[in-house]
Amino acid sequence: MRNIVISGGTDGIGRALALHHLRAGDRVVVIGRSAEKGAQPGREAAASDRFHFLGADLSLVSENRRIIGEVADRLGHVDALVLCAAYLRMKRFVTSEGFESSFALAYLSRFLLSTGIAPLMRDAEAPVIVNLAVVGAGASAMNWDDLQFTAKHVGTKVWAQTRRANELLAVGFAREHGLGRIKYVMVNPVYVRSSFAGEFAKPVRIVISALGALSAKPAAKAVLPIVDLIEHPPAQELSFYKAATRQDRTPTAADVEDAERLYRETKRILND
Ligand SMILES: NC(=O)c1ccc[n+]([C@@H]2O[C@H](COP(=O)([O-])OP(=O)(O)OC[C@H]3O[C@@H](n4cnc5c(N)ncnc54)[C@H](OP(=O)(O)O)[C@@H]3O)[C@@H](O)[C@H]2O)c1
């Protein structure tokens, strides 16, 4: 029995993964905000004894830190961490801790969970972290002088930066925190029918829902390549996938430099 932790496991891809692993006999921790949705996977898979829902707003640094402690208490060790929590906002929103919310949820939370749960993976046979994000935004996506877009907030630029920041997180993690064993896998799931959580203008929401109904893959099918990566992690410390297809991507010296810069900036922002 493996211990799987899924942030954003109450809906969409994360929820489908939780159901799959519960049905396969694993122990699953799901993190999300909604207690109502959070109770469902354990019931649906008739596996409440192997299922834990941890309610948290992961856009808060303090909540990520609390959750890492709770995961340690409940599971002891972790085999796989899957990062799915997402909430797309086009307008600037600042959390009660003073962070720009997209930066906080789509990047800081993933940084905290990756680095905080890594020590719990020490005894796992084939430890793996799967981060679901669309990499390839390019180096210019980083707004280095103002990472939280205080001066000028442009939703599309904020989102592009979170994509690049996750790519740099992966590059930095493989160098700093991999402990030599943990495999870090970035996965672009491509187009999957999900709740597409976020605040969009009404017409945008209508288009997304219509396109989703017409052309997106059902989540239960889309998770199968991710399940495969969890069961058989790649040999390399860092790899990139688009659905089931491995991408030929090797970090350049400039990527490594940017990853180190972001790591230092993040530690400074977190007062670590
Ligand atoms: N679907 C696609 O086509 C697609 C394409 C490319 C990349 N991706 C990436 O794949 C991942 C999963 O996407 P999805 O479409 O399956 O997601 P989704 O259906 O929109 O679900 C988002 C999840 O995040 C949780 N969440 C949102 N805000 C949160 C917060 N503040 N604290 C804790 N949890 C929070 C939600 O739970 P609660 O409602 O309980 O808070 C929910 O479980 C995301 O990283 C997304 O960027 C998806």
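In this predicted model, strands S4 and S6 pair in the parallel sense over 4 bridges, and in S6 the bridge partner of Leu 83 is Asn 131. The two strands belong to an open sheet of 8 strands with mixed pairing, ordered S3-S2-S1-S4-S6-S7-S9-S10. At its edges stand strand S3 (51-55) and strand S10 (245-246), each of which pairs on one side only.

**Strand pairing in the sheet**

- Strand S1 (residues 3-7) is joined to S4 by 4 bridges, the two running parallel, and within this pair Val 5 stands opposite Leu 81 of S4.
- S6 and S7 also run parallel and are joined by 5 bridges, with Leu 132 standing opposite Val 187 in S7.

**Burial of strand S6**

- Because 5 of the 5 residues of S6 are buried, this strand is largely enclosed by the rest of the structure.
- The burial involves both faces of S6, with Val 128, Val 130 and Leu 132 on one side, and Ile 129 and Asn 131 on the other.

- Helix H9 (residues 224-231) lies across S4, S6, S7 and S9, and runs at about 155° to S6.
- Within H9, the residues Ile 226, Leu 229 and Ile 230 are buried; seen down the helix axis, the buried residues fall within an arc of 100°, so they line one face of H9.
- An α-helix has 3.6 residues a turn, so residues three or four places apart point the same way.
- The cover over the buried residues of H9 includes helix H1 together with strands S4 (80-83), S6 (128-132), S7 (183-188) and S9 (238-242).

**Surroundings of the ligand**

- The ligand is surrounded by 31 residues, of which the closest are Gly 8, Gly 12, Gly 32, Arg 33 and Ser 194.
- By class, this shell holds 17 nonpolar, 10 polar and 4 charged residues.
- Helix H1 (residues 12-23) gives the most to the shell, with 3 residues, and H1 is also among the elements that cover the buried residues of H9.

Terms used. Residues numbered from 1 in each chain as written. Predicted model: local features only at pLDDT ≥ 70, side-chain atom pairs only at ≥ 80, totals over all residues. Near = placed C-beta within 6 Å. Nonpolar A, V, L, I, M, F, W, Y, C, P; charged D, E, K, R; others polar. Buried ≥ 20, exposed ≤ 12 C-beta atoms within 10 Å, placed from the backbone. Arc of directions from axis to C-beta. Contact = placed C-beta atoms within 7 Å. Pairing = 2+ DSSP bridges. Axes fitted to C-alpha atoms, helices over the stretch in contact; angles between N-to-C directions.
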